[in-house]
Amino acid sequence: MKTGVCYYPEHWPQARWAEDAAHMQRIGLSHVRIGEFAWSRLEDANGQLTFDWLKEAIDVLHAHDLKVVLGTPTATPPRWMVDKYPDMLALDEHLQLRDFGSRRHYCFSHDGYLAECKRIVTHLAEAFGEHPAIVAWQTDNEYGCHETSISYSPHAHTAFRQWCAQKYTTIDALNSAWGNVFWSMEYDHFEHIGLPVGTVTESNPAHRLDYWRFSTDQICKFNKAQVDIIRQHAPGRDVLHNFMGNFVEFDHHLVSKDLDIATWDNYPLGFLTRDNQSVDDQQRYLRTGHPDGSAFHHDLYRGCCNGRWWIMEQQPGPVNWAPYNPSPLAGMVRLWGWEAFAHGAEVMSYFRWRQAPFAQEQTHTGLLLSNGDEDVAAHEIAQLNKELQLLSLDDKTLNVSADVAIVFSYEGIAVQDIQKPGGATFSALGFCQTLYSACRELGLDVDIVSPEAALDRYKLVLLCNSTIDDPSMAHKLEQCAASKTAPIIVLFPGTASRTCDYAIPDNLPPGHLQTLIDIRVVRSESLPPDHMSLASDELGQDCACSQWREQIVSTIEPRMHFTDGWGFHYSSNKVHYINALPMKIDLIELMEEIAEEASLRPHHLGSDLRTRKIGPYRLAFNFGNEPVDLFEALGSAFRLTPDTDLLVGNSQLNPAGVAVWLVE
Ligand code: GAL
């Protein structure tokens, strides 16, 4: 794994660039991302291009052996662009204009802006496509950030009507697919189709799902327009985009189809205080980030571009944008680096080189203070780079694949977010993360894969958000189940519960998957988060569930019963149907039992310790506040004995500690 940094030469005097580059080299960085917000310095209102400074900056970095990732500047259209196309701005769900003065102020459906983007990208690609320093190009910056995936502008509205006409051909077909006979919502022609916002009460879920799909397609189209130009002028360079954390507002698997590398921006402490719902976790992991927060996304993005993934932006210290912005525990910057390595990152790049003393992000730390002195992250990264050299293997030889797969469907999550079958507080992404976390607490390595991925090589396959009743998924799972080395397959509530038109399948959920297991969901109930339903068996084992339960009709005898007689946990022929959401502690027990059935070797790690294998190495990380005795905690289950030589760290693993040892 290489390390890199995000750098904004346009923020600093040119006289400083060579010193910065030499300094980057000294702490072992090899990659530098530049240019992604620089449009106002690259072109003026008269179309005058000024690329000299950018060329100079790239040349300076090149002279210091640094590899450059050049960003296209399309996330920050300059002011003159908005004057030229006042209608290029997006409208939010309240039809409010998203105006100039920050960034991402554009609508993906504005053809004039798209043409301008193609033009500037063409100029840049022609000028720098074959520059020897440039190894990769980043398209735009964080599609969807600041709630910009979905726009309700007049341009988006028109494009959506065209999209519908193309998809359905006739308006009758659309009316029937959406069920528009309900509440007399039928349209007479495609020009009638409205936006799924501004209605008196909720708009039709089928309408909303199609609007979500349309918005993904607009992002794909916008991205691909840039990718095609870059590929034409920059042969052999990777094209990538920087995705975000805890973000499912468009289908990242579809956008990734046009990229070489999926990268993502990892702010573990920012995400914890902004997104984590549990107050306990927020307190416990305030300075370390949730033990599964980063890892979940590493595994998710590894599944987007055939295993190739980077971190494009990594938190170096306090950020500026979460409700509270704590400082990481000493050692965490190093730990996050090792953790990314353990999950197979090719590059770990930090945001940002030097803290900006002006504008929106002045309280966001960097590797240097705003005065140019080193901040603490720089020391930890220098240490990480020295330690990484202890492992001399070529990255490409390091196998990171796991035995457990979680199938991750962005569209399936959209379905659950639209009508919340698990109740107001249920989060489809959140439950997937809890399931992931349960596996990780059992010491299991996990791949998070797209619905299109081959599943037959796994020992355990988990479907927790495959909500759409997709015949091709049913076919794939049937084939897996019929093979000699059939994996254990586990289905969670809501699986195959809606057709692609957002209707309940004719044969009830789980639709086509009924050929896999004899289950019919006859009722689904959601409950307030503090209401607990207890299921138990005759041996006195029990499982506490909350939020969401399904009532099942089946010839299979359930393993447990709830007190009101509803069955819980059905299984036959290596397929399990879990028809409620177990509390985390019980989910861990349940997954342990199922993992054993899958011939895996689950081992309780507790909430703070994590481990992962990559190639011949195993790594351990301590996210807790107390030292951990590794031999005691992991023992022979992970080929660790008092005689094992640790390549990094020692057996008394301190908070923020990392240990690495050979297992092959
Ligand atoms: C990211 C963004 C960067 C910077 C950073 C601050 O979302 O891509 O440009 O704003 O956050 O943490």
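Begin with helices α12 and α13, where α12 passes α13 in a right-handed crossing, a crossing being right-handed if the near helix is turned clockwise from the far one by less than a right angle, and left-handed if anticlockwise. This is a predicted model, in which local features need pLDDT of at least 70 and side-chain atom pairs count only at pLDDT 80 or more, while totals for chains, interfaces and linings use all residues. Residues are numbered from 1 along each chain as its sequence is written, and side-chain values use heavy atoms, with hydrogens and water left out.

Select residues 293-302 for α12 and 332-342 for α13: the two helices pack at an angle of about 30 degrees, and their axes lie 10 Å apart. That makes α12 roughly parallel to α13, the term covering angles under 35 degrees; axes are lines fitted to C-alpha atoms, for helices over the stretch in contact, and angles run from 0 to 180 degrees between N-to-C directions. Helices (H or I, at least four residues) and strands (E, at least two) are DSSP runs, numbered from the N terminus.

Now show the side chains of Ser294, Ala295 and His298 in α12 together with Trp336, Glu339 and Ala340 in α13, which make the contact (heavy atoms within 4.5 Å).

Next, select the open sheet of 6 strands, whose order is β10-β9-β11-β12-β19-β18 and whose pairing is mixed; two strands pair if DSSP finds at least two bridges between them. At its edges stand β10 (446-449) and β18 (570-572), each of which pairs on one side only. Within this sheet, neighbouring strands are turned against each other by 15 degrees on average, direction ignored. For a look inside, select β9 (residues 404-407) and β11 (residues 460-463), which run parallel and are joined by 4 bridges, with Val404 opposite Leu460 of β11.

Finally, move to strand β15 (residues 542-553), where 9 of the 12 residues are buried, so the strand is largely enclosed by the rest of the structure (buried means under 20% relative accessible area, with a 1.4 Å probe and protein chains only).

- β13 (residues 520-526) pairs with β15 in the antiparallel sense over 6 bridges, and Arg523 stands opposite Gln551.
- β14 (residues 532-536) pairs with β15, also antiparallel, over 5 bridges; Ala535 has Cys543 as its bridge partner, and in the hairpin of these strands, with 5 residues between them, Gly540 takes a positive phi near 90 degrees.
- β20 (residues 580-582) runs antiparallel to β15 and is joined to it by 2 bridges, where Ala580 is the bridge partner of Arg549.

How values were computed
Parallel < 35°, antiparallel > 145°, perpendicular 65-115°, else oblique. Buried < 20%, exposed > 50% of the residue type's maximum accessible area, 1.4 Å probe, protein only.
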